[in-house]
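Welcome! Let's get to know this molecule through a handful of questions and answers.

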Amino acid sequence: MAMEDLKRDLEAVAGQPVADLQAVYDRRSEEPALGTELVSLLADPQLQKPASWLLRRHLEAGHALSVAQAKPLFRALSGLQDWETRLQVLQSLSYLPIGKREVKPLEAFLRDCLESENKFVRAWAYHGFHELALQHAQFQDEVDRLLERALEDEAASIKARVRNILKQKLKHQR
């Protein structure tokens, strides 16, 4: 029943201001299954945008998902429709465990996002590759090359995100 209530809440706030989304989050933030329910709602094209916003907010607040709980998110990646939903998911990757079986769909999604017209999506796709390499070392060399190329070829706003990633990498290596 809680899932249906959450679905109704998201239908009511879809397309509404962030304050309305925040109000839904404030009411539901302590529900034990909120993260997994939001992940499952990413498969619904009508609810992707509010569900992805709430999921990012939930993860940023310190709630975690297991590899098994995150699995449906990675299965839903190819069906994410609009740039805002893609951006919210890209910004959530820092908080998500990436299982071995989720590498291929995530890699395909990230490569697709690198081709996006939207600069925010492209910038955060580089960040997504960085997160993938942190959890799966076989991507490290390729990510290093991607980041170097971005510093040469990308727009200034994207280069700024890439420089932040490189600073994070330096901290990690120390």
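Contact here means heavy atoms within 4.5 Å. Please keep in mind that this is a predicted model.

Q: Leaving aside neighbours within four places in sequence, which residues is D9 in contact with?
A: D9 belongs to helix α1, which covers residues 2-13. Its relative accessible area is 18%, and buried means under 20%, so D9 is buried. Once neighbours within four places in sequence are set aside, the residues in contact with D9 are V24, R27 and R28.

Q: Within what arc do the buried residues of α1 fall, seen down the axis?
A: The buried residues in α1 include L6, D9, L10 and V13. Seen down the axis of α1, the buried residues line one face of the helix, because they fall within an arc of 95°.

Q: Which helices do the buried residues of α1 pack against?
A: Helix α1 has 12 residues and reaches 17 Å from its first C-alpha to its last, close to the 16 Å expected at 1.5 Å a residue. As for the packing, the partners of its buried residues are α2, α3 (34-41) and α4 (48-60).

Q: How far apart in space are G15 and L47, C-alpha to C-alpha?
A: In sequence, G15 and L47 are 32 residues apart. In space, C-alpha to C-alpha, the distance between G15 and L47 is 9.8 Å.

Q: How many of the 17 residues of α8 are buried?
A: Let's start with the span of α8: at 1.5 Å a residue it should be 24 Å, and the end C-alpha atoms are 25 Å apart, which agrees. The helix is largely enclosed by the rest of the structure, because the number of its 17 residues that are buried is 13.

Q: At the start of α8, which residue has a side-chain oxygen that reaches to the backbone nitrogen of F120?
A: The place to look is the start of α8, where the side-chain oxygen comes to within 2.8 Å of that backbone nitrogen of F120. The residue that supplies this oxygen is N118.

Q: Is R122 buried or exposed?
A: R122 sits in helix α8, residues 119-135. Its relative accessibility is 13%, and the limit for buried is under 20%, so R122 counts as buried.

Q: Which side chain is joined to that of R122 by a polar contact of 3.0 Å?
A: Apart from neighbours within four places in sequence, R122 is in contact with C113, L114, S116, E117, E154 and I158. Among these residues, the one whose side chain makes the 3.0 Å polar contact with R122 is E154.

Q: What is the angle between the planes of W83 and F120?
A: The count of aromatic pairs comes to one. W83 and F120 form this pair, with 6.4 Å from centre to centre. The pair links distant parts of the chain, 37 residues apart, with W83 in helix α6 (residues 83-92) and F120 in helix α8. The two rings are stacked, and the angle between their planes is 20°.

Q: What is the relative accessible area of F120?
A: W83 is partly exposed, with a relative accessible area of 38%. F120 is exposed, since exposed means over 50% and its relative accessible area is 54%.

Q: Which residue lies over the face of W124?
A: The residue in question is placed at 4.0 Å from the ring centre of W124. Its name is R161.

How values were computed
Residues numbered from 1 in each chain as written. Predicted model: local features only at pLDDT ≥ 70, side-chain atom pairs only at ≥ 80, totals over all residues. Heavy atoms only, no water. Helix = DSSP H or I, 4+ residues; strand = E, 2+ residues; numbered from the N terminus. Buried < 20%, exposed > 50% of the residue type's maximum accessible area, 1.4 Å probe, protein only. Polar contact = N/O pair within 3.5 Å; in protein donor to acceptor, adjacent residues only side chain to side chain. Phe/Tyr/Trp six-rings, centres within 6.5 Å; stacked < 30°, edge-to-face > 60°. Lys NZ or Arg CZ within 6 Å of the ring centre and 35° of its normal. Expected span 1.5 Å × (residues − 1). Arc of directions from axis to C-beta.
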